Amino acid sequence: MANIKLHNIQKRFGNEEVIHGVDIEINDGEFVILVGPSGCGKSTLLRMIAGLESISGGDVQIGDTVVNDMPPKARDIAMVFQSYALYPHMTVAENMGFALKLSKIPKAQIEEKVQAAADILNLGPLLKRYPRELSGGQRQRVAMGRAIVRDPQVFLFDEPLSNLDAKLRVSMRTEIKALHQRLKTTTVYVTHDQIEAMTMADRIVVLHQGYVQQMGTPLELYDRPANLFVASFMGSPGMNLIHGWPRDHGQFEVRGGGHMPLGELDVSTHPGETIYGIRPEDITLADEGVPVEVISVEPTGAEIHVVARLGDQNVTVVFRERHDVHPGETIHLAVDLTKVHLFAADSGERIAWHPTSQVA
């Protein structure tokens with residue numbers, strides 16, 4: 001196992017710079033997920049760690065070695081891709097042991113390593129099957145087994161669950177996390193799915209347009225997003241971001257009419273136009289509070305998602321209770337003041353966050 005250090009990593013395609021001086025340090029044995037929308041640079045960054053993409057500037061260090069000029073096979077990494085990339089004419093056992101065979105490892109040792117990996121991934125009964133005889137989840141486990149038998153310093157996963165259906169993705173998330181907890185191998189994992197990132201990572205790196213927006217534990221990013229992008233990207237549904245102006249007496253004037261409570265939040269450093277952030281689950285139904293008009297009601301089973309109109313903006317609320325609300329009616333909302341954020345309208349940076357524990 002090894003730690004990974006990315007120092008001032010840059011990537012240019014011609015004159016266009018797509019990765020802008022990224023600095024990331026990943027601890028030995030840590031599970032770190034690179035997350036962001038399509039085109040943010042997360043897969044490019046992973047491929048530079050793997051040696052599949054050249055580096056335009058900066059250093060990639062694995063363990064004590066700067067690996068910028070080392071070929072992929074010399075970096076002691078194993079990669080699992082979105083496509084399973086299995087050889088159709090080989091059995092599961094042959095696919096898993098093929099890299100070891102190319103390395104001239106003795107046959108008995110290969111069989112031992114393949115069997116050990118198969119035991120970890122519950123692939124024992126499938127070792128004699130061919131890829132065409134496997135389900136999508138089984139094929140992905142074979143691809144993971146092929147990586148495990150190499151006993152690398154680092155695992156790299158590039159959106160490995162994207163081809164699976166929703167239910168299978170959930171079970172495979174659990175399997176991959178359990179695998180990491182068992183092997184303790186340093187892992188870098190790329191996904192565009194923020195739920196996947198939240199449920200699996202020790203730490204998350206949020207990328208946008210080639211820049212690191214924030215790095216931290218899943219709950220750090222969710223509870224204290226550094227800027228508007230992280231606030232809107234992390235969470236489903238995303239944080240409500242309401243435009244307006246902080247006023248005296250603990251009130252926030254909403255653009256288009258209405259108010260939201262601020263409590264004792266200090267807004268003296270930024271009295272101009274700001275954005276009020278509150279997550280949908282931190283809003284509750286109340287007898288008195290902020291009046292809003294219900295636009296739509298979306299029951300999901302475990303929750304009810306309500307979209308309401310406040311001023312000239314929509315507010316999403318998530319109720320776990322079975323409230324009987326209907327489009328067109330006016331309801332009143334209460335806000336957990338400990339979960340309120342304010343962001344600068346110009347820069348998008350968070351400027352205030354409430355430290356108390358009062359509901360209003």
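1. Gly301 is a handy example, since its relative accessible area of 42% makes it partly exposed. You'll find Gly301 in the loop between β16 (290-299) and β17 (304-310). Gly301 and Arg322 are 21 residues apart in sequence, and their C-alpha atoms are 9.5 Å apart in space.

2. Before going on, a word about the model. It is a predicted one, where local features need pLDDT of at least 70 and side-chain atom pairs count only at pLDDT 80 or more, while totals for chains, interfaces and linings use all residues. Numbering runs from 1 along each chain as its sequence is written, and side-chain values use heavy atoms, with hydrogens and water left out.

3. Now the overall picture. The protein has 8 helices and 21 strands; these are DSSP runs numbered from the N terminus, with helices being H or I of at least four residues and strands E of at least two. The C-alpha trace spans about 75 × 45 × 35 Å along its principal axes. Of the 360 residues, 47% are buried. Contact here means heavy atoms within 4.5 Å. Among the contacts with a separation of 6 or more, 66% come from residues 24 or more positions apart.

4. How do α2 and α4 cross? The axes of α2 (residues 92-102) and α4 (residues 136-148) come within 7 Å and cross at roughly 35°. Those axes are lines fitted to C-alpha atoms, for helices over the stretch in contact, and the angles run from 0 to 180 degrees between N-to-C directions.

5. As for who meets whom, Val92, Asn95 and Met96 on the α2 side meet Val142, Gly145 and Arg146 on the α4 side. The residues of this contact divide into 3 nonpolar, 2 polar and 1 charged. In that count, Ala, Val, Leu, Ile, Met, Phe, Trp, Tyr, Cys and Pro are nonpolar, Asp, Glu, Lys and Arg are charged, and the others, Gly among them, are polar.

6. Tyr87 sits in the loop between β6 (77-80) and α2. Is Tyr87 buried or partly exposed? With a relative accessible area of 36%, Tyr87 is partly exposed. Setting aside neighbours within four places in sequence, Tyr87 is in contact with Asn95, Phe98 and Pro131.

7. On to the aromatics: there are 6 aromatic pairs in the structure. Rings of Phe, Tyr and Trp (its six-membered ring) pair if their centres lie within 6.5 Å; planes under 30 degrees apart are stacked, over 60 edge-to-face, and the rest tilted. Phe229 and Phe233 have ring centres 5.6 Å apart and planes at 15°, so this pair is stacked. Both belong to helix α8 (residues 228-233), 4 residues apart, which is about one turn of the helix. Phe229 is buried at 17% relative accessibility, and Phe233 is buried too, at 16%.

8. Phe31, Phe155, Phe157 and Tyr189 make up one aromatic cluster. The charged end of Lys177 sits over the ring of Phe31, 5.1 Å from its centre. Elsewhere, the charged end of Arg279 sits over the ring of Tyr222, 3.8 Å from its centre. "Over" requires NZ of Lys or CZ of Arg to be within 6 Å of the ring centre and within 35 degrees of the ring normal.

9. Finally, some backbone details to check. Most residues other than glycine have a negative phi, and most peptide bonds are trans. Asn8, in strand β1 (residues 4-13), has a positive phi of about 50° and is partly exposed at 32% relative accessible area. Asp76, in the loop between β5 (65-66) and β6, has a positive phi near 55° and is partly exposed at 33%. Ser236 and Pro237 are joined by a cis peptide bond, with omega about 0°; Pro237 is in the loop between α8 and β11 (240-247).

Technical notes. Buried means under 20% relative accessible area, exposed over 50%, partly exposed in between (1.4 Å probe, protein chains only).
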